Amino acid sequence: MLVPALALAFRRRAPMTVAWLTAGLAALYWLTEMAAPGTLLRVHADHSLSAAVWWPPTAPLAAYAAMAFPREGGRPVWVRGLPVAALLVPIGCLDDVLPDAAMRRFAAAETGTVNALVFRSVAVVLGAALLGMYAAARRRVVQGLTERAERAERERHLLAERARAEERARLAAEMHDVVAHRVTLMVLQAGALRVRAPDERTRAAAEELRGAGCQALDELRDVIGLLRRGPGAPPAAAHGPLPDLSALVAESASVGVPVELAEHGEPPSTSPAVGRTAYRVVQEALTNARKHAPGAAVRVDVRYRTDGVTLTVRNTAPSGEPDADLAASGSGTGLAGLRERVELIGGTFEAGPDQEGFRVEASLPAYLPVGAP
């Protein structure tokens with residue numbers, strides 16, 4: 001009796017094995033009594049029984065497990081019902097081994113018969129099997145509803161991605177039609193001013209304005225291409241090395257801000273937008289150091305990787321009070337704009353107080369998806 005009871009621990013992983021084991025024990029019980037009466041059930045002269053177990057008590061649980069836990073893509077219902085049917089055979093044949101007189105004595109009633117016991121036993125086992133079929137059917141329905149909900153969620157995600165892609169394309173078209181057109185006019189007017197300017201100072205200013213406009217057009221072209229193609233597009237081919245940061249360092253040193261530049265590794269070839277973003281990160285960090293940390297020492301660490309570059313700008317605590325007018329100048333969104341710009345090309349950006357001062361760190365990829373020119 002302990003064998004099928006212990007086997008119930010595996011009813012979910014091997015329900016058919018548990019059911020056949022229980023049916024085999026019931027058949028063994030019945031056949032043993034048929035072959036050698038009194039071996040397991042002893043009926044005394046006064047019609048009393050010394051053993052009151054005539055079929056395995058685990059039979060309903062085994063029948064439930066066989067019907068309730070079908071393996072995925074496994075056997076059909078009629079195959080899983082075979083051990084239940086085999087279990088009902090020895091239970092239905094209890095009148096062969098259990099006399100009515102002993103049963104009435106055991107039940108303490110004149111109406112207690114073996115047939116009533118057989119009916120109740122068969123009803124319990126069949127009820128457990130039907131309950132198992134219901135549990136399996138309910139599990140299939142719930143699984144189907146779950147799959148439908150997950151499929152609907154995936155479809156909503158795809159529709160949202162499509163809507164975002166259409167919105168990116170619309171924004172790219174607006175930027176191309178409005179911003180690029182206006183910037184192009186500015187570049188052309190600056191070029192005309194450089195040609196017609198009467199003095200060298202005006203021509204130099206016009207040339208600087210024209211160069212800034214051309215650079216803005218290049219950056220705008222990269223952003224428009226990124227908006228049109230989205231973040232999942234394949235990376236563009238490499239265009240060249242990263243820009244030289246020594247000019248920024250020299251510019252800061254010329255205004256009295258000591259800057260130390262440390263480069264590690266070999267500079268990889270990168271997309272133009274990545275190089276310009278790296279330049280802007282260092283430029284903005286040095287500008288903030290000049291405005292908010294006068295007299296602080298600044299260190300720029302550039303670590304080149306085969307798949308990108310990591311920029312870290314640290315400044316120590318300021319040695320003097322910052323100029324209020326200079327610190328209040330600007331929009332106050334420089335770091336936020338840098339974060340958006342870095343994340344737009346697939347990089348990461350961190351900025352905040354450090355142990356000794358302030359730290360700005362950006363990790364940029366070597367390539368980014370941009371549209372064709």
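First, some housekeeping. This is a predicted model, so local features need pLDDT of at least 70 and side-chain atom pairs count only at pLDDT 80 or more, while totals for chains, interfaces and linings use all residues. Residues are numbered from 1 along each chain as its sequence is written, and side-chain values use heavy atoms, with hydrogens and water left out.

Let's start with the whole protein. It has 12 helices and 5 strands; these are DSSP runs numbered from the N terminus, with helices (H or I) of at least four residues and strands (E) of at least two. Of the 373 residues, 34% are buried. Buried means under 20% relative accessible area, exposed means over 50%, and partly exposed lies in between (1.4 Å probe, protein chains only).

Now to the charged pairs. What does Glu207 form with Arg194? The answer is a salt bridge, with the closest N and O atoms 2.5 Å apart. This pair links distant parts of the chain, as Glu207 sits in helix H8 (residues 200–229) and Arg194 in helix H7 (residues 114–196), 13 residues apart. By salt bridge I mean a side-chain nitrogen of Lys or Arg within 4 Å of a carboxyl oxygen of Asp or Glu. In general, side chains of opposite charge can pair when their charged atoms come close.

Glu207 has another partner, Arg210, and here the closest N and O atoms are 3.1 Å apart. Those two are separated by about one helical turn, because they lie 3 residues apart in helix H8. Together, Arg194, Glu207 and Arg210 are linked in a network of salt bridges. Are its members buried or partly exposed? Glu207 is partly exposed at 29% relative accessibility, Arg194 is partly exposed at 33%, and Arg210 is partly exposed at 24%.

In total, the structure holds 12 salt bridges.

One last stop: Trp78. This residue is found in helix H4 (residues 77–80), and Trp78 is exposed, with a relative accessible area of 61%.
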